[in-house]
Amino acid sequence: MSDIDNLRSTWLTRIADAKDESTLEDARVAALGKKGEVSLKMRELGKMTPEERQVAGPALNALKNELNSALVARKTALADAALEERLRTEWMDISAPSRPGQQGTIHPVSQVTEEVIALFADLGYSVAEGPQIESDWLNFDALNIPSHHPARAEMDTFYMKRAEGDNRPPHVLRTHTSPVQIRHMQAHGAPCRIIAPGRVYRADYDQTHTPMFHQVEGLALGRDISMANLKWTLETFFSAFFGKDVKTRFRASHFPFTEPSAEVDIQCSWENGQVKVGEGNDWLEVLGSGMVHPKVLEAGKIDPTQYQGFAFGMGIDRMAMLKYGIPDLRAFFDSDLRWLRHYGFSALTPPSVSAGV
Amino acid sequence: MKFTLNWLKDHLETEATLDEIVEALTDLGLEVEEVVNPADRLGTFRIGYVKSAEQHPNADRLRVCMVETAAGMQQIICGAPNARAGIKVVVAQPGDYVPGIDTTIQVGEIRGVESHGMMASERELELSDEHDGIIELPEAAEVGQRYIDFAELNDPMIEIAITPNRPDALGVRGIARDLAARGLGTLKSGDVPLVEGAYANPITTHLAADVADKACPVFFGRHVRGVKNGPSPKWMQQRLIAIGLRPISTLVDITNYVTYDRGRPLHVFDADKVHGDLTVRFAKEGETITALDDKEYTLTPEMTIIADEQGVESIGGIMGGAASGCTDETVNVYIEAAYFDPVRTAHTGRALKINSDARYRFERGVDPAFTPDGVELATRLVLDLCGGEPSEVTKAGEVPDTARRYDLDPARVISLVGMDIPRTEQVRILEALGFDCAQPGIVTSTLAAVAGTAPVAESGVISVGIPSWRPDVHGEADLVEEVARVASLTKLEGKPMPREAGIGEPVLSPMQVRTATARRSLAALGLNECVTYSFIQQSSAALFGGGSDATEVANPISSEMSHMRPDLLPGLMEAATRNQARGIADLGLFEVGMAFEGGEPEEDALHATGLRVGHTAPRNAHGTRRPVDLYDAKADAEALLSTLGAPVERLMPLRTAPAWFHPGRSGVLGLGPKNPLAVFGELHPKVVEALDLKGPVVGFTVFPANIPFPKAKTATRAPLALSDLQSVERDFAFVVDADVEADKLLRAAKGADKQLIEAVSLFDVYQGPRVEEGKKSLAIAARLQPKDATLTDDQIEAVAAKIIKAVEKATGGVLRG
């Protein structure tokens with residue numbers, strides 16, 4: 001059957017030599033199309049004797065299958081080659097800058113406030129709030145600061161203007177977050193554990209003071225809460241906040257709304273003007289605290305013979321400066337975009353106890 | 001409050017070092033703010049003797065001196081006119097730092113001759129301004145001795161902060177008492193011996209009836225004749241200089257000395273300048289006085305003054321008058337010690353803006369019982385330092401009685417402080433501070449039997465008498481504080497608080513969660529969070545509907561911070577202006593905080609406000625940069641509303657944005673005209689210009705509190721009904737009047753068949769050729785989602801017809817051919 005061998009070799013060569021899809025298609029039609037050479041051969045089978053057909057039939061069928069396979073293989077090879085050729089030309093400069101996106105940021109005050117909330121939430125404290133324009137009574141009198149008390153003058157209070165004929169004492173821009181204590185006690189009573197973060201105001205502006213800043217107040221009331229509990233609470237908080245063991249030192253002080261009162265220092269070291277918390281032999285004053293004064297409990301409608309507890313107030317901005325090494329308080333409120341981007345935090349990393357603060 | 005270590009030792013017998021004292025003071029609540037130790041600055045300078053002084057070979061004004069020093073004979077070149085052989089001088093050796101010239105001395109050559117040190121003037125040692133020559137010391141000065149030791153300048157100055165409750169610590173003696181109670185030494189006797197009067201006091205003092213009950217209940221006076229005034233002795237001057245006071249004359253220095261030594265302000269009149277009797281009374285409206293600071297003050301009737309027959313001679317408790325003040329010529333002096341009411345003194349001092357050492361003490365409360373001792377102590381000092389002869393002391397009024405007692409339960413101290421301070425220690429502390437402890441509790445026989453000790457009870461309350469110098473103590477809590485601070489809070493050990501069992505409840509309120517979410521969402525939209533001041537200038541506030549008197553701060557620190565902000569946009573716009581001045585033209589800022597509608601507490605509302613200025617992106621190779629427009633602000637507002645749970649698809653766009661927005665390019669998104677959830681738009685060009693900003697400027701505010709909270713308290717979501725049937729999308733273009741709002745058309749189309757039409761979106765807005773003038777073409781795509789069976793062509797056509805009809809009815813729009 002050298003006939004068939006010839007056919008095979010002729011057509012396989014033509015398929016292999018096809019340089020593109022259309023020559024390949026021409027080859028297919030010429031071989032296997034209706035009038036293709038192989039197809040015509042198959043039609044001749046009918047004229048053959050049964051014996052001849054028994055030999056030629058399978059041979060032709062095999063040839064047809066072989067050519068079909070070769071066609072598919074060639075077609076795939078041609079497509080691969082074409083794709084390869086296309087990819088070779090499709091070069092882009094991967095070093096060129098991408099389309100600019102916008103990277104928003106969270107202000108350090110917000111981030112640190114959330115850190116403080118997360119840590120105190122774990123200790124069972126909820127978050128209380130109060131207005132920034134506050135009555136003179138809640139900001140001062142209720143906190144055992146009567147009108148003649150020198151602490152009033154020392155607080156550099158901002159007062160709201162009173163209309164002519166309005167003889168009420170002027171409202172103040174709260175000088176501390178402590179009025180929230182009174183509001184909370186009056187509304188919810190004891191026992192309680194709250195923190196109250198927020199804006200406060202004092203008429204002072206220099207290198208280290210701004211007329212507005214942020215405080216967080218803490219208040220815990222119960223039957224037998226002591227100053228020793230306060231010390232544990234603050235040390236537990238500071239160690240979690242700064243991510244290392246931080247010792248505190250309590251120093252006697254005086255605040256009208258707490259008694260006994262203590263200024264609290266945290267352990268630190270100073271190196272080249274840079275402070276490092278939680279190491280070294282120096283102390284840095286960070287907050288005021290004490291046992292809630294019986295008069296303050298009374299102002300909050302709580303019986304001081306039944307309940308006692310501690311309160312503290314610390315600067316959020318200052319905590320942010322200490323933790324993140326931010327040098328200048330005034331820049332917090334200047335909204336310099338370069339500062340916001342440098343010291344700001346990603347939108348997608350809210351602090352949590354599980355992920356760390 | 002400042003004092004020196006040696007001054008303290010006048011009252012405290014102690015072996016404690018300076019460091020120990022400083023540490024104890026701070027721990028006791030007398031926080032040390034500064035310690036100035038002269039030895040740190042002047043300790044290296046030693047005394048030398050100028051053996052010879054020869055003319056410098058190359059300079060007319062210089063001398064070559066051979067000086068005997070601690071380091072042997074040294075050659076020192078000196079230009080001082082008084083540098084000569086035979087004098088004792090102060091020598092700075094090579095390596096010594098000289099503070100007055102901010103220089104470290106080195107061996108050097110001056111005009112060809114070597115010099116091994118320097119001889120110092122007082123100015124070079126910062127002792128005075130004297131610089132006419134070098135310091136010359138008396139013969140007694142020993143070569144090699146430290147100059148500060150010889151000159152008795154080696155007395156460290158300590159400055160402490162005084163909390164308002166501690167007027168007793170405004171005298172050195174009170175500080176010594178605290179340290180003694182802490183165990184740092186023994187308090188020396190402070191008894192003031194009486195000085196006998198030799199003659200009747202020629203000046204009588206009267207207390208007007210209305211001042212005698214409270215404003216000035218007692219006034220002691222004494223005449224001393226034949227004194228000689230002049231500079232006070234060196235020891236007194238050095239102490240006064242060390243604490244920052246300027247020595248004036250002996251009589252005046254004595255009053256300042258007693259003020260600091262005992263916390264007892266005094267006044268001395270030149271008795272010959274007092275006309276007739278003295279009367280303590282309230283000032284008459286408009287009376288004036290020229291005080292010792294040479295300023296004239298106009299007085300009002302709430303102010304307590306001391307007057308003679310000619311007029312006001314002194315402002316009670318605050319400052320004396322210049323006319324009757326003592327001078328070097330004074331020969332007869334009248335010493336005053338009185339008690340003035342703290343509250344009135346504070347008000348007067350504040351009104352007159354006088355800050356004096358006397359006011360500072362009287363307004364905190366001086367020890368009334370010490371008033372007569374004040375006169376005696378001053379008399380003693382006057383007699384010792386100025387000579388003279390004292391009259392009898394006269395007294396007007398009575399020393400106010402401050403005697404009072406409070407019960408202290410020692411168990412309460414332990415419970416509040418959380419530290420085991422034994423009852424006996426509590427009593428010891430209180431008594432060391434001058435409190436008087438009577439213990440009516442159960443007395444144990446063994447303790448009572450101990451010889452010489454008072455019986456000590458084991459339990460029960462202690463009745464505590466309050467000393468006259470502690471006006472701040474008003475109850476048990478104050479006594480607890482006294483015990484705690486002396487026992488030392490530094491020793492306090494932390495004690496854990498119990499934790500609730502199980503997993504903690506959420507602690508944030510829904511609104512607090514919303515506030516935090518708002519911040520995170522806006523930052524995720526690419527905006528940078530700012531914290532701007534709550535007060536802004538009136539002109540800016542007025543642009544945003546604020547600036548009223550009700551929101552005015554009465555005492556702003558500057559006119560730029562005079563009014564509470566009515567809106568967060570002005571603060572953000574001013575921040576943007578500052579950034580533009582720094583060369584940043586494109587920016588997106590936001591703030592979440594309170595805006596103030598009025599000046600009463602809680603007349604405020606939470607705003608979440610954003611601002612976009614300039615372009616959406618920096619210049620880039622991808623062509624994505626375009627100017628911001630109102631749709632950026634609207635997208636931000638909608639994104640935030642959606643995150644906060646607002647039903648965004650139900651919100652109505654209203655053309656009712658406030659006047660600070662562009663009237664044609666701004667809107668409100670609300671659940672009705674009375675319930676706005678957000679405003680957005682381009683800022684009004686006039687507002688942009690007024691705030692000096694370069695546009696375009698768009699902004700938005702979302703009002704988080706206005707968004708309804710979900711009523712259902714369940715976490716379960718509504719079931720999701722998904723169809724497997726193919727949806728069909730059909731496009732339409734309608735020609736409508738140019739001022740027809742797209743929202744109206746979209747709602748009409750969507751409402752045409754609520755069953756089948758799942759969504760309608762706008763994909764093109766066209767005005768121009770082939771659309772009539774005053775009209776526009778809006779192209780929409782409607783997606784039809786069958787639920788039961790695949791849509792037939794007829795069904796699709798029927799819905800299309802409904803859409804066309806509904807749009808036509810709602811907007812007058814016709815299908816574009």
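This is a predicted model: local features need pLDDT of at least 70, side-chain atom pairs count only at pLDDT 80 or more; totals for chains, interfaces and linings use all residues.

**The interface of chain A and chain B**

Author: K161(A) and E552(B) form a salt bridge through their side chains, with an N to O distance of 3.2 Å. Between chain A and chain B the count of salt bridges is 11. Polar contacts across the interface of the two chains amount to 48 residue pairs, with both residues at pLDDT 80 or more.

On the side of chain A that touches chain B, helix α5 (residues 108-122) of chain A supplies the largest share, 7 residues. Sorted by class, that side of chain A comprises 43 nonpolar, 29 polar and 23 charged residues. In total, 95 residues of chain A and 86 residues of chain B take part in the contact.

The extent of an interface is often expressed as the accessible area that is lost when the parts come together. Here, the area buried between chain A and chain B is about 7,400 Å², and carbon and sulfur atoms account for 56% of this area.

Within chain A, a further element may be described. Strand β5 (residues 192-201) of chain A has 9 of its 10 residues buried, and is therefore largely enclosed by the rest of the structure. β5(A) pairs with strand β6 (residues 212-222) of chain A in the antiparallel sense over 10 bridges, and in β6(A) A220(A) is the bridge partner of R193(A). With strand β1 (residues 126-127) of chain A, β5(A) pairs in the parallel sense over 2 bridges; there, I195(A) in β5(A) stands opposite V127(A).

Definitions and conventions. Residues are numbered from 1 along each chain as its sequence is written. Chains are lettered from A and ligands numbered from 1 in the order in which they are written. Side-chain values use heavy atoms; hydrogens and water are left out. Contact means heavy atoms within 4.5 Å. Buried area is the accessible area (1.4 Å probe) that two parts lose on being put together, summed over both. A salt bridge is a side-chain nitrogen of Lys or Arg within 4 Å of a carboxyl oxygen of Asp or Glu. A polar contact is a pair of N or O atoms within 3.5 Å; within protein, one must be able to donate a hydrogen and the other to accept it, and residues adjacent in sequence count only if both atoms are side-chain atoms. Helices (H or I, at least four residues) and strands (E, at least two) are DSSP runs, numbered from the N terminus. Ala, Val, Leu, Ile, Met, Phe, Trp, Tyr, Cys and Pro count as nonpolar, Asp, Glu, Lys and Arg as charged, and the others, Gly among them, as polar. Buried means under 20% relative accessible area, exposed over 50%, partly exposed in between (1.4 Å probe, protein chains only). Two strands pair if DSSP finds at least two bridges between them.
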